[in-house]
Amino acid sequence: MPSRRFDQARPFLTLGIILAFWLVLPAALKSFVRASFFELTAPITLAASKVRDLQEFWALRSHSKTELIEAGRDQARINASYEVAVQQTAELKAEIARLEELLRLPARDQYRLEHARVARRDFSAWWQRIVIRKGRDFGIPAGAPVVFSGGVVGRVVEVRATTAIVELITSPGVRLAGVIEGDSRPISFQGGNNPTFAPPTGIVELMPLDIIASPTSPKRLVTSGYGGVFPPGLTLGTVIRAELGSDGLHKSGEVRLDERLGSLNEVTVLVPLNVEVPLPAR
Amino acid sequence: MNLRRVALLTGPLVLLWALQTEVNHLLSSRQLFFFAGGLHVAFIALTQPFGPGLAAVLVGGLLCDAATPVAFGTHAALFGFAHNVIFRMRDRIPKDDTVAAALLALFANFGLFLAISVVLSPGGPAAWPRLAADLVCSQVIVALTTPWFFSLQGRLIDLVEAALALRAERLR
């Protein structure tokens, strides 16, 4: 009888021994195994992403020439307005540089823009991450902020040889400091629960009492620049609800985030120039 | 341990992982998620010998761990435990019955989903509606794909074993 009982417990004993052995393995070895497994599957992720791009290319090829001409015309109009904006930006930058020199202020952080395609989106209630098709091969450092046309996407949490993993601001574990546009007092922003078939949401806490926000009069929430990760003024979302918090000293509320965060195809990594990672020889 | 069999069992798990990530990429715009943990363990635990089966399931778990922000080994440990539970009671489960296999995969998937939710505990009760939606989505896809995936794994093993037997005969 004891022998039969041992036979029944043997699978669990084997697993227990394997797990005990795994637990005592050095962290560096585990980290190496993890990176190896990730790199092993990276070609699958990249190949699937490139197949999707090819599929999109062939779908676009099926459009008529008239549609192409119309799209080109619209694009030319957008380009014209962007050119004006670029000239204005250059003028403002020169003005800032002149003032900084005049007042002997330290120069602001500068970034190199690295555009990257999204290879994989992975959005669950547990985590919200994307994998981009650029990594160490393009000098992307861990911790770099990632943005898109609608504002902040998140920040790079892991960098691999040809890919990087970005944790989105919609992720429940993300916390950062924001400010209401036109205000300088910092507010705590946290990624929230992302309901199914609805735009992602976040939570704001420690909001000053005089700030009033509702669905009819939302307030734009932007990055504060504190903490040194995100440059100031980037859109996080819109505060659509603000209520008195449990401590009675601050308000807490809900932030509606850009719904395009769920279908990102291209993002821009802001690579800080002062912590530039050397590019590998190609 | 038969390493060839471990590789043979791991191949379809890599394919499953790739398909799972593709489905999740497509579902992301609807804020839905597909978890296929049950499919990773059900067939192997039900039909394969203990050693190679457990090794393949652990490798499949590490594959999932590498791409997710959990402690490295979490999926592997949970998959290994689920494998052992199914392995112990597999004599009482009809192996060739598709409905029984699908039910087993669904139960395993349900258990693993709950276990990972407990381990990660995202956002407290406020996260429950989203977790429920993800679980329903996962269970529907697992129920639909179990017969195909079981058949794929079974056929692949049969094909490779037949090819190896033929080669051995020729060499003789």
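Let's start with one pair of residues: R155(A) stands opposite E167(A) in strand β5(A). Everything here comes from a predicted model, in which local features need pLDDT of at least 70 and side-chain atom pairs count only at pLDDT 80 or more, while totals for chains, interfaces and linings use all residues. As for names, residues are numbered from 1 along each chain as its sequence is written, and chains are lettered from A and ligands numbered from 1 in the order in which they are written.

Helices (H or I, at least four residues) and strands (E, at least two) are DSSP runs, numbered from the N terminus. Two strands pair if DSSP finds at least two bridges between them.

Follow the pairing around and you get a barrel of 6 strands, closed in the order β1-β2-β5-β4-β3-β12 of chain A, with antiparallel pairing. From one strand to the next, the twist averages 40°. Helix α2(A) packs on this sheet, touching β1 and β2 (128-132) of chain A, and its direction makes about 95° with that of β1(A). Such angles run from 0 to 180 degrees between N-to-C directions, with axes fitted to C-alpha atoms, for helices over the stretch in contact. Two residues are in contact if their C-beta atoms, placed from the backbone, lie within 7 Å.

Some of the strand pairs, side by side:

| Strand pair (chain A) | Sense | Bridges |
|---|---|---|
| β1 (residues 111-123) and β12 (residues 266-272) | antiparallel | 7 bridges |
| β3 (residues 145-148) and β12 | antiparallel | 2 bridges |
| β8 (residues 201-207) and β11 (residues 251-256) | antiparallel | 5 bridges |

Back on helix α2 of chain A you'll find D53(A). D53(A) has 14 C-beta neighbours inside 10 Å, so D53(A) counts as partly exposed. For burial, C-beta atoms are placed from the backbone, and a residue is buried if 20 or more others lie within 10 Å of its own, exposed if 12 or fewer, and partly exposed in between. D53(A) and L270(A) are 217 residues apart along the chain, with their C-alpha atoms separated by 24 Å.

**Chain B**

Chain B is another story: 6 helices and 0 strands. Its C-alpha atoms fill a box of roughly 65 × 30 × 30 Å, taken along the principal axes. A compact globule of 172 residues would have a radius of gyration near 16 Å, and chain B agrees with its 17 Å. That radius is taken over C-alpha atoms, and the globule rule is 2.2 Å times the number of residues to the power 0.38. Of the 172 residues in chain B, 44% count as buried. Looking at contacts in chain B between residues at least 6 apart in sequence, 75% join residues at least 24 apart.

Helix α2(B) is mostly covered, with 10 of its 11 residues buried. Those buried residues pack against α1, α3, α4, α5 and α6 of chain B. One of them is V41(B). Beyond its neighbours within four places in sequence, V41(B) is in contact with V57(B), F79(B), A82(B), H83(B), I86(B) and A108(B).

**Cores and the contact between chains**

A nonpolar core is a set of buried Ala, Val, Leu, Ile, Met, Phe, Trp, Tyr and Cys residues joined through C-beta atoms within 7 Å. The largest one has 53 residues, and V41(B), A42(B), A82(B), I86(B) and A108(B) have the most contacts inside it. Two or more residues each come from α2 (27-61) of chain A and from α1, α2 (37-47), α3, α4, α5 and α6 of chain B. Helix α3(B) gives the most to this core, with 9 residues. A second, separate core has 42 residues, including A116(A), I132(A), V153(A) and I169(A).

Where the chains meet, the contact takes 39 residues from chain B and 34 residues from chain A. On chain B's side, the elements giving two or more residues are α1 (3-27), α3 (50-66), α4 (74-88), α5 (98-120) and α6 (128-171). By class, the side of chain B that touches chain A has 22 nonpolar, 11 polar and 6 charged residues. In that count, Ala, Val, Leu, Ile, Met, Phe, Trp, Tyr, Cys and Pro are nonpolar, Asp, Glu, Lys and Arg are charged, and the others, Gly among them, are polar.
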